[in-house]
Amino acid sequence: MLFYFLDIEPPKFKMCEGFVIGFTSRNSNQGQATWNEPVATDNHDKNVKVSKDKNIYPGQSLKVGLHSVTYRAWDIAGNEAIPCVVKILIKGNILSWIGV
């Protein structure tokens, strides 16, 4: 007798930080923010594929403003995780604006 198991449960992200803030250095319009990139796990598959929609990495220099990265994951059966969206806000250093 053969038994077949159907994988219907999607992977899940661990450590989806959601929102991080970074600051510019003095006299700069770029800053850095760091975060832990999320890890996806699955109840059935050991190897879960993870992709992201932008080429933005923790610690990378980014211009002042709001940026976002959407992480997606899916297992071998094609089940897709609820996306993990990380919003990155880079704030300007006000002291650099007033010349201090």
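Hi everyone, this is a short walk through one predicted protein model. Residues are numbered from 1 along each chain as its sequence is written, and side-chain values use heavy atoms, with hydrogens and water left out. Because this is a prediction, local features need pLDDT of at least 70 and side-chain atom pairs count only at pLDDT 80 or more, while totals for chains, interfaces and linings use all residues.

Let's start with the overall layout. The protein chain has 1 helix and 8 strands; helices (H or I, at least four residues) and strands (E, at least two) are DSSP runs, numbered from the N terminus. Reading from that end, the order is β-β-β-β-β-β-β-β-α. Of the 100 residues in the chain, 30% are buried, where buried means under 20% relative accessible area, exposed over 50%, and partly exposed in between, with a 1.4 Å probe and protein chains only.

Now please find strand β2, residues 19-24.

Who are the neighbours of β2? Two strands pair if DSSP finds at least two bridges between them. With strand β8, residues 84-91, β2 pairs in the parallel sense over 5 bridges, and F19 has K87 as its bridge partner there. With strand β3, residues 30-32, β2 pairs in the antiparallel sense over 2 bridges, and T24 stands opposite G31. β2 and β3 form a hairpin with 5 residues between them, and N27 in the turn has a positive phi of about 60°.

Next, the cysteines. How many disulfides does a search of the whole structure find? The count is 1, taking a disulfide as a pair of cysteine sulfur atoms within 2.5 Å. This one joins C16 to C84, with 2.1 Å from S to S. The link of C16 and C84 is right-handed, with 95° about the S-S bond. C16 lies in the loop between β1 (12-14) and β2, and C84 in strand β8, so the pair ties together parts that are 68 residues apart in sequence. C16 is partly exposed, at 37% relative accessible area, whereas C84 is buried at 1%.

One last stop: K52 lies over the face of Y57, 3.4 Å from the ring centre. For such a charge over a ring, NZ of Lys or CZ of Arg must be within 6 Å of the ring centre and within 35 degrees of the ring normal.
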